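Open the model in your viewer and keep the selection tool ready. Each stop says what to pick and what is there.

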Amino acid sequence: MLSNLRQLFRYRALVQTLVVRELKARYRGSVLGYFWSFVNPLLLLLVFSFVFTEIMPRGDDVNVEPYAVFMFCGLLPWTWFSSSLMDAANALIVNGNLIKKVMFPAEILPVVSVISNMVHFLFGMPILIGFLIYNSVELHPSELVWFPVVVAVQFILTLGLAMVLSALTVHFRDIKDLLSNLLTLWMFASPIIYPMSFLSARAKGFMDLNPFAHLAISYQEIFFYPGPFGHWKWLLALAFAGSALFLVGYWLFDRLRDSFAEEV
Amino acid sequence: MAAIEIDHVTKIYRRHGHSRRYATLKSALLTGSLAKDLRPEESFLALNDMSATIRKGVTYGVIGRNGSGKSTLLKLVAGITKPTTGTVRVNGRVSALIELGAGFHPEISGRENVFINGVMLGLSRREITKRFDEIVEFAEMEDFIDAPVKTYSSGMYMRLGFAVAINVDPDVLLVDEVLAVGDEGFSLKCLDKFSEFKRRGKTILLVTHGLSMVERFCDEALWIDAGKKRLVGDPKRVVQMYLSDVELAEDLLLAAQDAKAQQTPVSPAPEVVAVEPVEAAREPDIVQEPEPESEPEPEATSNAESEDDDAQPDDMFVAKEGRWGSGGVRIDQVTLEGDHGPAHVFHTGERLTIRMQVHAPIEVDDFAFGISIFSNDGVCCYGTNTHIEEMKSKSLQGDASVSFVIDQLDLVGGTYKLDVAAHKRDGFSYDYHRLLYTFRVKSRTKDVGIYRPRHEWNFSDNVEFKPDTGGSSDLALDDQAPAADSDSDASASATVAEPAEPTE
């Protein structure tokens, strides 16, 4: 396991190159190119704003203004999370020729999926910053230092899941289809477009079991809610759980590794 | 010093979930077979206790039939798969020309893809920058390098992939049947590049079906059969042994076909053979009017045949295989023999004996034997019979043997079919076997046509040729090689060598 991790580190140049390839390929061949990073979240903002103001207006007791800032706190990380998993589930199959024909550590592929979507997520941050400035939200440096921590926790958690999914999809092709539905459900089951205070006490109890809820709340604590960062205990627990998941995921990936070249 | 050491390597491929092409998670969860589906169910032994040592600077060819484990061996050396047991050690940087342009992304430019591909093959960005111009020049891609790869033709794609891989500057180069890249000019450039590698003392492992490549380029050759090492050593010898083994397999196949053909029922009516043959022969209405003597036998026979079966086409050249006749004389068995007994594969210039076991239940005085040879596309190459060669039949009864000996089979390479027949002088068939026997002629010369007259070339002094390097320019040497090597019999090679002797 340790040597595997070391090997992964040795291939960082390759990871970097592949991430760049992913990003370039994503923006190439489209008119707006890089600006899709902004346009997509903006369109989603439009949709959800419309739903929550016109179709099912929120009660007055639930105050989520400015809504754009609130929503982007959850939506941008969610996009990173869900796209990573979707990409990772496909990664081994799409890049089958690499696994079969080139000496190539296969775990690089899910890693690249997660990292390239993370870069994409970071590219999207200016839109959040823009709305922060527009609404002149005050930020506290003591809260901002938590941002990289939250990103790191999300990274390890996503990577763990990505490892499991990419390895299993080689054997079970329907995971892709299940996954897209599952992710839609997961999104609406997370406090992304509605705040936690929207929920009943019982629903909040369930929400504690949702790892992404803690990530979303952490982002919201940093950028949206006033007051000190209060979610760190949950975040710490999630960091441990995420690391454990990563190790288990990597172990599983390693176990199934030999079957990839034959099954892809 | 060994560049590659393969030590008792066994590779077993496992197949998962064989009963369905793709298992679904849904079914796995529903039937609780998740763990079972991830366990291998079938295994395939691709390499079986293979050992080989490839010395540094050696060009090493691996040959063998499809599915013999060549590519698996290459993948093991490349590190793409790991051996099930045993070890593979490679000293130095490896570059594998297995999948050209692996990892090219269609949306981005050739330039960027060169970098990505280079990194994938183990180069640093600085090394790629240094070699970039050389790569592009080698690929002849100067004009298109900034266009997205999706706009490339497949030839351009392969050329660029090849150029990157070859410029990795490996210590060990693995090549898997990739020389069919680009046009003639580019292929030559690739060959030059290989030669350059060789000169610089690099190790090349070449997996190919191009046997002449192996003979020309390799210092050593390995023949793998069904995952096991069959022979290793001098490329010429290994290739010859391999070729004769392939011929043996062809022989068996043709023999099986012939065995099937021999069972073809006698066509007009099987009972004709069963009833008193002489009586059948005396049936006046099927006796054909006598043919002129000069008429070649096969045609005559087919005319006779058309009398009692109108559906049969008159034209012998489109005739289908079959067997017919009255049975007055039966051809019970036909064997083709080379110098070493029964065979179905012959080399140009070898001796071919067609041996017939015949049987006449009742004494006959009017009989003739004939044979004719057809090329695979139905052209009659040669036909004759004892009657047109003016042998007067006198008596035949009981079991007898008839041989037709072709001293030198001067046919070009190809597959040929044989008619044999026993019939009356006027062409009435006793037993006619139409195209029932197949043999193959092998020639290392790619000359064309049907007949290969014995010949030689003469030149005045100012016409010069390079010394023979295994190319196809020298007919005599090319032809002599297989027979001389594969047969220990000196007479065989002497026979083959003869065509090149002066014939004036």
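Start at A:Leu165. Beyond its neighbours within four places in sequence, A:Leu165 is in contact (C-beta atoms, placed from the backbone, within 7 Å) with A:Leu85, A:Ala88, A:Ala89, A:Ile175 and A:Leu179. This is a predicted model: local features need pLDDT of at least 70, side-chain atom pairs count only at pLDDT 80 or more, and totals for chains, interfaces and linings use all residues. Residues are numbered from 1 along each chain as its sequence is written, with chains lettered from A and ligands numbered from 1 in the order in which they are written.

Next, select helices H4 (residues 67-94) and H9 (residues 175-188) of chain A. Their axes come within 10 Å and cross at roughly 170 degrees (lines fitted to C-alpha atoms over the stretch in contact; angles run from 0 to 180 degrees between N-to-C directions). H4(A) is therefore roughly antiparallel to H9(A) (over 145 degrees). Helices are DSSP runs of H or I, at least four residues, numbered from the N terminus. Show A:Trp78, A:Ser82, A:Leu85, A:Met86, A:Ala89 and A:Asn90 in H4(A); they meet A:Ile175, A:Lys176, A:Leu179, A:Ser180, A:Leu183 and A:Met187 in H9(A).

Now colour the largest nonpolar core, 148 residues. Such a core is a set of buried Ala, Val, Leu, Ile, Met, Phe, Trp, Tyr and Cys residues joined through C-beta atoms within 7 Å; buried means 20 or more other C-beta atoms within 10 Å of a residue's own, placed from the backbone. A:Phe72, A:Ile108, A:Leu165, B:Val77, B:Leu174, B:Leu205 and B:Leu206 touch the most other members. H4(A) gives the most to this core, 17 residues.

Finish on a second, separate core of 34 residues, including B:Val345, B:Leu352, B:Ala421 and B:Phe439.

Conventions: Helices (H or I, at least four residues) and strands (E, at least two) are DSSP runs, numbered from the N terminus. Angles under 35 degrees count as roughly parallel, over 145 as roughly antiparallel, 65 to 115 as roughly perpendicular and the rest as oblique. Two residues are in contact if their C-beta atoms, placed from the backbone, lie within 7 Å. A residue is buried if 20 or more other C-beta atoms lie within 10 Å of its own, exposed if 12 or fewer, and partly exposed in between; C-beta atoms are placed from the backbone.
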